[in-house]
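This briefing sets out the overall dimensions, the core, the ligand surroundings and selected local features of the structure shown below. The points are grouped by topic.

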Amino acid sequence: MRSMIVAIDETCGIGKGGVTPWHFKEDMQFFAKTTKDLPCIMGRKTYEEIFSKMGVRDNLLPGRKCIVLSRSNTLVVSGATVCQYPEEALKFAGHSEKFVIGGGEIYRLMLEHMDKVYVTKVPGDYDCDTHITDVIDTIESEFFQTTEYTSEKTGLKYCTYIRK
Ligand SMILES: NC(=O)c1ccc[n+]([C@@H]2O[C@H](COP(=O)([O-])OP(=O)(O)OC[C@H]3O[C@@H](n4cnc5c(N)ncnc54)[C@H](OP(=O)(O)O)[C@@H]3O)[C@@H](O)[C@H]2O)c1
């Protein structure tokens, strides 16, 4: 299973100034539980965001093999393996289930390879500078929504989609 996981605001925004402009512990826990022990593929800019939060460690996201997509053939990063091509990243992930965790360029690049998508819908407009409206439109036309749960505590809506 190849899955994507993303949180969007009401404008399909996902980030601002290289970071995610909201912080919901509940969604962080959902991310941690959903991706637990599974390989995670991310873009170089998302790697930098996570690295700046997590600091130097053997593994960027504990328990998860991390793969960074970059066009550079000389980039070496701490706590993750760099791949230059989507197919190479998916092959290196190796595990039967793997996750694409962002950001915008990588969601766009990898959507065609995905079987399942987890979308957390965050109420409000966070004035984002990175949007994935086109990706969400494609998900809504090429995938079935299978589950939807709204948290009474935060108002976050957790949706899952499976490819038609
Ligand atoms: N809300 C969420 O769920 C969520 C999740 C993740 C990230 N984000 C946010 O998303 C934003 C970052 O997204 P972004 O779109 O700017 O960057 P990104 O997708 O994280 O990374 C972009 C980088 O990926 C590499 N790349 C792109 N296309 C490639 C290709 N065809 N082959 C190989 N490598 C390729 C390039 O790295 P090189 O420049 O090194 O070549 C490019 O600069 C941040 O604000 C972050 O907070 C939000």
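For 164 residues, a compact globule would have a radius of gyration near 15 Å, and the protein, with 15 Å, agrees with that expectation. The model is predicted. Its C-alpha trace spans about 45 × 35 × 25 Å along the principal axes, and the protein has 5 helices and 10 strands.

**Overall organisation**

- Of the 164 residues of the protein, 31% count as buried.
- Among contacts between residues at least 6 apart in sequence, 72% join residues at least 24 apart.

**Nonpolar core**

- In soluble globular proteins, nonpolar side chains tend to be buried together.
- Here the largest nonpolar core has 36 residues, and Met4, Ile41, Val100 and Tyr107 are those with the most contacts inside it.
- At least two residues of this core come from each of β1, β3 (40-43), β4 (66-69), α3 (86-93), β6 (98-100), α4, β7 and α5.
- Apart from neighbours within four places in sequence, Met4 is in contact with Val100, Tyr107, Met110, Leu111, Met114 and Val117.

**Surroundings of the ligand**

- There are 26 residues around the ligand, of which Gly15, Gly43, Gly102, Gly103 and Gly104 come nearest.
- Four elements, β1 (2-8), β2 (13-15), α2 (44-54) and α4 (104-110), each supply at least two residues of this shell.
- By class, the shell comprises 9 nonpolar, 12 polar and 5 charged residues.
- The peptide bond from Gly102 to Gly103 is cis, with omega near -5°; Gly103 is found in the loop between β6 and α4.

**Helix α5 and its packing**

- Helix α5 (residues 133-142) has Val135, Ile136 and Ile139 as its buried residues.
- Viewed down the axis of α5, these buried residues fall within an arc of 95°, so they line one face of the helix.
- Thr133, Asp137 and Ser141 are exposed on the other side of α5.
- The packing partners of the buried residues of α5 are β1, α4, β7 (116-121), β9 (143-150) and β10 (157-163).

**Ile132 and Cys12**

- Ile132 lies in the loop between β8 and α5, whereas Cys12 is found in the loop between β1 and β2.
- Although 120 residues apart along the chain, Ile132 and Cys12 have their C-alpha atoms separated by 5.6 Å.
- Ile132 counts as buried because it has 24 C-beta neighbours inside 10 Å, where 20 or more are required.
- Not counting residues up to four places away in sequence, Ile132 touches Ile8, Cys12, Ile14, Gly104 and Tyr107.
- Cys12 has a positive phi of about 65° although it is not a glycine.
- With 19 other C-beta atoms within 10 Å, Cys12 is partly exposed.

**Asp127**

- Asp127 also is not a glycine, yet has a positive phi, of about 55°.
- This residue lies in the loop between β7 and β8 (130-131).
- Asp127 is exposed, with 10 other C-beta atoms within 10 Å; a residue is exposed if that number is 12 or fewer.

**Val68**

- Val68 has its place in strand β4 and is buried, with 27 other C-beta atoms within 10 Å.
- Leaving aside neighbours within four places in sequence, the contacts of Val68 are Met42, Arg44, Tyr47, Val77, Ala80 and Val82.
- The C-alpha atoms of Val68 and Pro86, which are 18 residues apart along the chain, are separated by 10 Å.

**Gly18**

- Gly18 is placed in the loop between β2 and α1 (25-35).
- It is partly exposed, with 13 other C-beta atoms within 10 Å.
- Beyond its neighbours within four places in sequence, Gly18 is in contact with Lys45 and Glu49.
- The C-alpha atoms of Gly18 and Thr46 are separated by 7.6 Å, while the two residues stand 28 residues apart along the chain.

Definitions and conventions. Residues numbered from 1 in each chain as written. Predicted model: local features only at pLDDT ≥ 70, side-chain atom pairs only at ≥ 80, totals over all residues. Near = placed C-beta within 6 Å. Nonpolar A, V, L, I, M, F, W, Y, C, P; charged D, E, K, R; others polar. Arc of directions from axis to C-beta. Contact = placed C-beta atoms within 7 Å. Rg over C-alpha atoms; globule rule 2.2 N^0.38 Å. Core = buried A, V, L, I, M, F, W, Y, C linked by C-beta atoms within 7 Å.
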